[in-house]
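User: I am new to this structure and would like to learn how to read its features. Please begin with the helices.

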Amino acid sequence: MTLLTTVFAAIICTIIWYRNGANNEMMLGTLSLMYWGASIMWLTDAIFAYAQFGVDFFAPAPLDMLHDFYLGLSVVALGLVIWLVILLVKDPKGVVNTALFKKNK
């Protein structure tokens, strides 16, 4: 479930990034790459788990699937938090800079 969750997040981010074209103000490419990296990590984990457990890898217990889904959602949420921090630090639209250094009239 962790692999599926991160792959779906990566696909959705990639589609949104692609639809925006050259307008990369929100740095969706960075978010997309983070999710694709997580997907590759979980794919590698699945390959090694299949090598260890064999066919039993494809029949997990429902509780294990739920825990894996929560872990996948946690990875997606952490990716969003990291992306937001990067976005606030780089401030491509100047919103944070304007809010911090706004002069009172």
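Analyst: The expected span of a helix is 1.5 Å times one less than its number of residues. The 29 residues of H3 should therefore span 42 Å at 1.5 Å a residue, and its end C-alpha atoms are 42 Å apart, which agrees. Helices are DSSP runs (H or I, at least four residues), numbered from the N terminus. This is a predicted model, in which local features need pLDDT of at least 70 and side-chain atom pairs count only at pLDDT 80 or more, while totals for chains, interfaces and linings use all residues. Residues are numbered from 1 along each chain as its sequence is written, and side-chain values use heavy atoms, with hydrogens and water left out.

User: Which residues of H3 are buried, and what covers them?

Analyst: Buried means under 20% relative accessible area (1.4 Å probe, protein chains only). In H3 these residues are Gly72, Val76, Gly79, Trp83 and Leu87. Their cover includes H1 and H2; contact means heavy atoms within 4.5 Å.

User: Which residues make up the largest nonpolar core?

Analyst: A nonpolar core is a set of buried Ala, Val, Leu, Ile, Met, Phe, Trp, Tyr and Cys residues joined through side-chain atoms within 4.5 Å. Here the largest has 10 residues, among them Ala9, Leu31, Val76 and Trp83. Helices H1 (2–20), H2 (28–53) and H3 (62–90) each supply at least two of its residues.

User: Why does Thr5 count as buried?

Analyst: Thr5 counts as buried because its relative accessibility is 12%. Thr5 lies in helix H1 and touches Phe69, Gly72, Leu73 and Val76, leaving aside residues up to four places away in sequence.

Notes
Buried < 20%, exposed > 50% of the residue type's maximum accessible area, 1.4 Å probe, protein only.
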